[in-house]
Amino acid sequence: MVDLKVNLGNNLVLNNPVMTASGTFGYGLEYDDFTDVDRLGGIIVKGTTLNPREGNAYPRLAETRQGMINAVGLQNKGVDHFCKVIYPELKKYTKTKVLVNVSGSCIEDYVACAERIAALDHIPGIELNISCPNVKQGGMSFGTVPEMAAKVVEAVRKVYPKHLIVKMTPNVTSVVDIAKAIEGAGADSVSLVNTFLSMAIDIKTRRPILSTITGGMSGAAIKPIALRMVWQVANAVKIPVVGLGGISSASDAIEFIIAGASAIEIGTANFINPNIGNEVVDGIADYLAANNMKSVSELRGSLII
Amino acid sequence: MHKRYSTDFKVADIRTVNSSCYQLVLQHPDTLPEVAPGQFVQVQLPDSATSYLRRPISIHDADFKANTMTLLIRRVGNGTELLSHVKPGDTVNLLYPLGNGFNLDTKQIGNSPLLIGGGVGIAPLFMAAKHLKAVGANPTVLLGARNVEDLLKKDDFAAVTTTECTTEDASFGTKGFVTDHVYMKDELKRFTSIIVCGPMPMMRAIARVAEANNIPCQVSLENKMACGIGACLCCVTETIDGHNTCVCTGGPVFDSKSVKW
Ligand SMILES: Cc1cc2nc3c(=O)[nH]c(=O)nc-3n(C[C@H](O)[C@H](O)[C@H](O)COP(=O)(O)OP(=O)(O)OC[C@H]3O[C@@H](n4cnc5c(N)ncnc54)[C@H](O)[C@@H]3O)c2cc1C
Ligand SMILES: Cc1cc2nc3c(=O)[nH]c(=O)nc-3n(C[C@H](O)[C@H](O)[C@H](O)COP(=O)(O)O)c2cc1C
Ligand code: FES
């Protein structure tokens with residue numbers, strides 16, 4: 001029997017390395033009819049902010065070749081609604097780890113949001129989404145400048161004792177510099193990638209397809225770029241790396257683990273096949289067995305150069 | 001929330017309806033569960049380089065004896081083009097039944113609803129008309145298109161209940177838009193409610209007339225979707241409560257007064 005368990009440190013042990021990516025899996029509940037949610041390693045629920053957000057205007061979606069661009073804009077009902085209304089429902093998941101993706105537009109908001117989630121027993125960790133624009137500093141994304149990334153992570157670290165994953169944006173010149181800053185600021189792990197800044201135009205009307213002109217690209221098409229970034233970061237930091245970006249099959253997931261990821265997340269592929277997460281779990285187990293490996297850690301970072 | 005499924009259907013039949021539309025009959029491997037008029041399915045596309053996400057399509061008809069569902073699809077881009085090449089015996093995976101269907105409770109919508117369809121928007125109305133007829137109501141159907149070629153399924157509707165048509169080029173029925181038909185003018189008072197599915201400008205115009213005449217009106221929206229199950233928040237429409245509401249789970253059918261037009 002292969003052991004699929006992975007220990008990400010600071011009391012976060014997943015039954016298997018497969019999680020679902022924030023914003024693509026709702027609160028897990030939306031998928032109950034289609035897959036055994038509790039069998040996944042973890043689910044990372046929707047981006048949650050201190051105050052409710054209506055998100056961007058429609059249209060929020062442009063399909064691209066083997067991918068999509070979204071401009072949802074973090075629509076959510078705020079952390080208090082999450083704690084009161086949604087959290088109690090999530091307690092029914094007893095085997096999978098439910099993590100909350102925390103977003104914000106200033107450091108104070110991130111901190112206040114993380115503090116409230118720290119009080120929830122059934123949530124063993126958060127994923128800090130630092131791809132959001134910092135409204136107090138000209139709207140530049142927290143995750144694009146090492147110092148700014150470090151500041152927000154340090155501030156949240158002070159109030160959040162449980163597992164802290166920091167989710168990186170790929171829209172930077174050097175993911176390694178950012179990852180090192182995040183590690184130095186006390187994160188337990190990093191996850192990457194968030195979506196790539198991109199755009200699409202309707203040539204019939206010569207207008208942008210998205211209401212916001214530009215949006216974030218995800219899906220199969222981004223996988224090779226995400227894989228390269230995960231490999232670079234895994235070679236540069238000591239904390240565990242969670243890899244994502246375009247993963248659509250077990251073999252995609254295995255590539256990320258070979259590149260150095262301790263766990264992976266599946267995003268857009270859930271829209272096409274809502275059972276993909278569990279299929280990837282099985283595929284990883286089969287691969288390990290076929291290669292006489294006893295655990296995921298044997299495969300992790302096993303790239304032969 | 002009703003139970004939803006992910007099922008591999010087999011293509012039982014595919015046939016051309018007109019130069020741009022085709023009809024797909026899909027066979028459930030076992031017993032087709034309950035599906036309601038106005039609900040839709042998310043169709044997984046055959047593997048391709050050009051198209052990626054599932055496509056939302058209304059349930060046009062369901063046969064619970066034969067365990068089949070029929071979809072009526074208009075070719076508008078790569079996804080609907082790809083689907084038009086499936087062959088009998090091919091497998092097509094569906095997530096279904098999704099969304100809330102029409103409110104067809106005659107205690108609420110009255111005995112004489114007017115069902116208005118524009119273009120391929122007629123698709124979900126067929127099951128609705130059959131259902132209303134079966135419960136003893138007296139539905140009337142009004143179909144609109146550019147020309148007679150684009151007037152889909154008019155004979156099938158006429159076999160179910162009273163059906164009138166409008167065409168922009170006067171090639172069949174009344175000349176003009178559905179809003180030019182006497183049903184939407186002098187005879188509007190005959191109807192206890194309106195149900196409409198079609199292009200946005202048409203639905204907007206009908207919602208306005210319905211509101212001005214104090215007739216309840218249901219619209220079926222066709223926003224772009226990624227997941228179809230309430231997980232991605234891509235498909236929202238602004239409702240009068242000031243919130244962005246998912247069309248896939250809050251709709252696709254809405255009371256016209258709750259939508260910010
Ligand atoms: C709930 C629901 C039910 C639907 N029912 C049916 C149905 O029964 N039969 C049917 O033929 N279609 C139906 N549609 C519309 C159908 O989903 C789209 O036409 C289809 O997704 C287009 O895919 P494509 O790849 O062919 O076109 P794309 O390449 O995605 O688009 C081609 C062109 O069509 C336009 N377009 C795409 N989607 C829509 C849309 N939803 N509304 C208006 N314009 C659009 C695009 O802007 C573009 O100009 C429904 C949509 C929804 C949301
Ligand atoms: C519709 C949609 C909404 C998303 N919302 C969030 C979010 O709220 N927070 C976040 O950190 N990432 C969000 N993401 C990014 C994904 O979690 C993931 O990083 C990205 O899609 C790349 O993975 P994929 O290619 O497997 O989808 C969203 C992605 C999509 C497609
Ligand atoms: S299409 Fe994903 S929420 Fe409606």
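Analyst: Happy to! Two strands count as paired here if DSSP finds at least two bridges between them. Please keep in mind that this is a predicted model.

Let's start in chain A. Strands β5 and β6 of chain A, the latter covering residues 67–70, pair in the antiparallel sense over four bridges. Within this pair, A:Ala62 faces A:Ile69 of β6(A). The two strands belong to an open sheet of four strands in chain A, whose order is β5-β6-β16-β13, with antiparallel pairing. At its edges lie β5 (61–64) and β13 (196–199) of chain A, each of which pairs on one side only. Neighbouring strands of this sheet are turned against each other by 40° on average, direction ignored.

Chain B gives us a parallel arrangement to follow, around strand β12 (residues 193–197). Strand β8 of chain B (residues 113–118) runs parallel to β12(B) and is joined to it by five bridges. Here B:Ile116 has B:Val196 in β12(B) as its bridge partner. β12(B) also pairs with strand β13 of chain B (residues 217–220), again in the parallel sense, over three bridges. In that pairing, B:Val196 stands opposite B:Val219 of β13(B). To get from β12(B) to β13(B), the chain passes through helix α5 of chain B (residues 200–212), and this β-α-β crossover is right-handed.

Finally, how enclosed is β12(B)? Four of its five residues are buried, so the rest of the structure largely encloses strand β12 of chain B.

Definitions and conventions: Residues numbered from 1 in each chain as written. Chains lettered and ligands numbered in written order. Predicted model: local features only at pLDDT ≥ 70, side-chain atom pairs only at ≥ 80, totals over all residues. Axes fitted to C-alpha atoms, helices over the stretch in contact; angles between N-to-C directions. Buried ≥ 20, exposed ≤ 12 C-beta atoms within 10 Å, placed from the backbone. Right-handed = clockwise from strand over helix to strand, strands pointing away.
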